[in-house]
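Please read the notes below with the coordinates open. They cover the fold totals, the charged pairs, the sheet and the rings.

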Amino acid sequence: MGCSWISVAVPLCFAVLSVAVAINRHTLAMPPALPTAVGALSLAGMALLWRDISSKVKGDKRTLGSLLSQYVAVKAVGWLGRRERKKLEADTLKVKQVQEETLLKRLQQNADTFYGRKYDFRSVEDAADFRARHPITMYGHYRELIERIAAGEEKLIIAEKPLILALTSGTSGPSAMLLSTKDTNADFFLQGVTVCLDAMRQAFPESDSLQRTTKFFYTPTFRQSEAGIPIGPNSSTPASSRHMLNLYTTPAPAFEVPSEKDTLYLHLLFALKDPSVGTLESNFASTVFYAFTTLQERWQELVEDIERGTISSALSLEPKVRTRLEVLTKPDAKRAAQLRAHFQEGFGGIAKRLWPHLNLVLAVDSGSNQIYGEMLREHYCKGVPFYSPFYAATEGLIGVNLWPQEPDRRYLLCPRSMFCEFLPESSLDDENPQTLLMEEVKEGESYELVITNASGLFRYRMGDIVKVTGFHNQCPIVEFQYRRGQMLNVRGEKICEALFLRALKKAVAQWPGAQLVDYSCAESGILGDSIGGSDPHYQVFIELKGVRNLTEEQRYKLDICLQKDSAVYKSFRIKGSIGPMRVQLVSEGAFEELRKQMMAFTSTSANTFKMHRVLRRKEYAEFLLGKTVS
């Protein structure tokens, strides 16, 4: 990797030197041949530079300025990634020391706040001292203080003014409002983004090219607090990525469109125009999946726009925005004919046919996004590698995936991002549970994460359950298991998302022709009289492709599969304490409609939305009941 920097630095230095010589040749005494020699060397250097750029280019529709800016950005981020990776490797050799340094740094930063004085942060000497004096907390511990910050009070929890009041996705309850700071964003970029890009380029060398990326993300709606602090998601947005928009196929004016549906159409339109797209990217695999389902519905309209050089009149665009976008569209009958032929072949493996140079799908496909990743790999994106780069949340960066090519999504915890404690899974309901530290956890055991972060959360129970699958040097490697609020539990059986999904996939495999599109569950208690009286049970809502009806025998297979995977569930079923599942097949598109309802109700952005696998609101379950077709 060092040689690639030499190939850039040397010609650039010669270029700069030649300019300096040209400016000063009449004022400095130097041999007459020197300027000529330097000029020749600089030309040779620039030729080497251009050769390096040209070797990384795919396609012929890029401007010189666009190529140079991307080239410099890639090299700069590559250098940062290598530097941060070395730091991370060094930190994994001394995890206990690094974790204590991280903790004390966070406490000292906020020692002079109202909260810091209450818990006397300034006198804390080490992790043991901190854990002895500060309780384990949940969101209710902070709610009133955050509301006061929103109203304008300063230095209550953190010393600085928050950049935004960040809304959580609300998968395990109502959305919470957390603080987001400069340190949170800096840690995410340096310790997360740059390290993962370094891992990506090592695992997929072909991704180290000057191809554009199609990034499916949207401009979220922010509201203002009483003190004028923005309230909304803290995920990657077009505004936060404004200096990098030239790396993407979607032009900047498209991000001024407020409608997610219309922005998605523009994402697809400009991606289809460019056959040299190298990466498809989004925060979550679900967003990429929804993009392909929309493409399957609207491909004819998109192809017609490309053929005519127009933008569909069905899009609700401001006249000025439409004009700026139309300037960027030219009739392209040749590309339209190629696309039409590809679509008429069918949608299996369509991504690689549309974009022959596609190297990667970059999106989180673990946890609740697992089924979307699987559907993409099995259908739309056959043959395209996937990389799930981070384990992160509204609370900040938690871990990075240093093993992009492995099928299991494992994340190395970042010891300088947060101070982490671990509640053993067996102690989650204890009144005064005892936590373990990074160096104390055991491989094969599961824990709830308890974090102290850069934005005012101290010994905070995240609700995420992770399994320690190993260690990198001294640092734990984890797999996400489930959210505490997303467990099925009508009699104390505690069926987590991963366990239920495993049983569901086994059942679907026994339904001829069926392909799982989406699912959610509800405990019978939230529906009350609307489903009639019976023993407590699970209502399971499933959207399938290839099947219009399920027999009672097929439905019962799901119950049997879960009994085989969970001895506790089986014992309750045998005793009759839990009734048989009621499996409801819902209409096509039902979950897409539910997704829109959920986002509207929780003010969640499309960039951060995660489907709720266990429905806690009666309205959501009743909506799916109304969409039942079998």
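How many aromatic pairs does the count come to? The count comes to 25 aromatic pairs, where rings of Phe, Tyr and Trp (its six-membered ring) pair if their centres lie within 6.5 Å, with planes under 30 degrees apart called stacked, over 60 edge-to-face and the rest tilted.

1. Basis. This is a predicted model, in which local features need pLDDT of at least 70 and side-chain atom pairs count only at pLDDT 80 or more, while totals for chains, interfaces and linings use all residues. Residues are numbered from 1 along each chain as its sequence is written, and side-chain values use heavy atoms, with hydrogens and water left out.

2. Totals. The chain has 19 helices and 19 strands; these are DSSP runs (H or I, at least four residues, for helices; E, at least two, for strands), numbered from the N terminus. Of its 630 residues, 55% count as buried, where buried means under 20% relative accessible area, exposed over 50%, and partly exposed in between (1.4 Å probe, protein chains only). The accessible surface comes to about 27500 Å², and 54% of that belongs to carbon and sulfur atoms; the areas come from the Shrake-Rupley method with a 1.4 Å probe, and for residues only the protein chains shown count as cover. Taking contacts (heavy atoms within 4.5 Å) between residues at least 6 apart in sequence, 68% join residues at least 24 apart.

3. Tryptophan 299 and phenylalanine 343 make a tilted pair, at 5.2 Å centre to centre and 35° between the planes. Tryptophan 299 belongs to helix H10 (residues 285–308) and phenylalanine 343 to helix H12 (residues 333–344), so the pair ties together parts 44 residues apart in sequence. Both tryptophan 299 and phenylalanine 343 are buried.

4. Aromatic pair between strands. Tyrosine 391 and tyrosine 411 are also tilted, with 5.8 Å centre to centre and 50° between the planes. This pair links distant parts of the chain, tyrosine 391 in strand E9 and tyrosine 411 in strand E11, 20 residues apart. Tyrosine 391 is buried at 6% relative accessible area, and tyrosine 411 is buried at 1%.

5. Aromatic cluster. One cluster is formed by Tyr115, Tyr119, Phe121, Phe130, Tyr142, Phe419, Phe458 and Tyr460.

6. Sheet. Which strands form the open sheet, and in what order? Eight strands form it, in the order E9-E10-E11-E16-E15-E14-E12-E13, with antiparallel pairing. Strand E9 (390–393) and strand E13 (436–437) stand at the edges with a single partner strand each, so one side of each has no neighbour in the sheet. Strands pair if DSSP finds at least two bridges between them; strand E14 (residues 446–452) and strand E15 (residues 460–472) pair in the antiparallel sense over five bridges. Isoleucine 451 stands opposite tyrosine 460 in E15, and Tyr460 is also one of the residues of the aromatic cluster.

7. Salt bridges, overall. Side chains of opposite charge can pair when their charged atoms come close. The count comes to 39 salt bridges, each being a side-chain nitrogen of Lys or Arg within 4 Å of a carboxyl oxygen of Asp or Glu.

8. Arginine 416 and glutamate 101 meet in a salt bridge (3.1 Å, N to O). The pair links distant parts of the chain: arginine 416 is in the loop between strand E11 (411–413) and strand E12 (419–424), glutamate 101 is in helix H4 (residues 95–109), and they are 315 residues apart. Arginine 416 is partly exposed at 31%, and glutamate 101 is partly exposed at 34%.

9. Buried salt bridge. Aspartate 365 and arginine 409 meet at 2.8 Å, N to O, in a salt bridge. Aspartate 365 lies in the loop between strand E7 (360–364) and helix H14 (370–380), and arginine 409 in the loop between strand E10 (396–400) and E11, 44 residues apart. Aspartate 365 is buried at 2% relative accessibility, and arginine 409 is buried at 12%.

10. Salt bridge within a helix. Glutamate 622 and lysine 618 meet in a salt bridge (3.9 Å, N to O). Both lie in helix H19 (residues 618–626), four residues apart, about one turn of the helix. Glutamate 622 is partly exposed at 34%, as is lysine 618 at 39%.

11. Charge over ring. Arginine 410 lies over the face of tryptophan 403, at 4.5 Å from the ring centre. Arginine 148 lies over the face of phenylalanine 114, at 5.6 Å from the ring centre. The rule asks for NZ of Lys or CZ of Arg within 6 Å of the ring centre and within 35 degrees of the ring normal.
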